[in-house]
Amino acid sequence: MPKIAVCDDDKESVIRLKEMILSAGISKEIDCYESGEKLVESDQNYDILFLDIDMDGMNGIETAM
């Protein structure tokens, strides 16, 4: 199963997306982050990233780079 990360500063969006991924059976391993900085600092490798484009601090585009 793919290792997935969800990064969004809106907690409600993170919860909804995580529930959709789990209910679809895509993955059982989903890590959630509230900022791009925290995702980058984690130094984890992921197969799939869901990134919010508009976040305070490091936005989704900067996080992906």
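Leaving aside neighbours within four places in sequence, with which residues is Ser35 in contact? The legends below treat this residue and others in a predicted model.

**View 1. Ser35 in the loop between strand E2 and helix H2.** Strand E2 covers residues 30–33 and helix H2 covers 36–42, with Ser35 placed in the loop that joins them. Once neighbours within four places in sequence are set aside, Ser35 is in contact with Cys7 and Met55. Ser35 counts as buried because its relative accessibility is 14%, under the 20% limit for that class.

**View 2. The protein chain as a whole.** Three helices and three strands are present in the protein chain, and from the N terminus on they follow the order β-α-β-α-β-α. The C-alpha trace spans about 30 × 25 × 15 Å along its principal axes. A compact globule of 65 residues would have a radius of gyration near 11 Å, and the protein chain, with 11 Å, agrees with this. Of the contacts between residues at least 6 apart in sequence, 58% join residues at least 24 apart. Buried residues account for 29% of the 65 residues. The protein chain exposes about 4400 Å², of which carbon and sulfur atoms supply 50%.

**View 3. Ile30 in strand E2.** Not counting residues up to four places away in sequence, Ile30 touches Ile4, Val6, Lys18, Ile21 and Leu22. The C-alpha atoms of Ile30 and Leu49 are separated by 9.8 Å, the two residues being 19 apart along the chain.

**View 4. Asp56 in the loop between strand E3 and helix H3.** Strand E3 comprises residues 48–51, and Asp56 has its place in the loop between E3 and H3. Asp56 counts as exposed because its relative accessibility is 67%, over the 50% limit for that class. Its contacts, apart from neighbours within four places in sequence, are with Asp9 and Glu37. Asp56 and Asp8 are 48 residues apart in sequence, with a C-alpha to C-alpha separation of 9.9 Å.

**View 5. Asp43 in the loop between H2 and E3.** Although Asp43 is not a glycine, it has a positive phi of about 55°. Asp43 lies in the loop between H2 and E3 and, at 68% relative accessibility, counts as exposed.

**View 6. A nonpolar surface patch that includes Ile61.** Ile53, Ile61 and Met65 make a nonpolar surface patch of about 380 Å². Ile61 is found in helix H3, which covers residues 60–64. Because its relative accessible area is 46%, Ile61 is partly exposed; this class lies between the limits of 20% and 50%.

Definitions and conventions
Residues numbered from 1 in each chain as written. Predicted model: local features only at pLDDT ≥ 70, side-chain atom pairs only at ≥ 80, totals over all residues. Heavy atoms only, no water. Patch = residues over 30% accessible without salt bridge, like charges linked within 9 Å, V, L, I, M, F, W, Y side chains within 5 Å. Areas by Shrake-Rupley, 256 points an atom, 1.4 Å probe, with all protein chains shown as cover. Salt bridge = Lys/Arg side-chain N within 4 Å of Asp/Glu carboxyl O. Helix = DSSP H or I, 4+ residues; strand = E, 2+ residues; numbered from the N terminus. Buried < 20%, exposed > 50% of the residue type's maximum accessible area, 1.4 Å probe, protein only. Contact = heavy atoms within 4.5 Å. Rg over C-alpha atoms; globule rule 2.2 N^0.38 Å.
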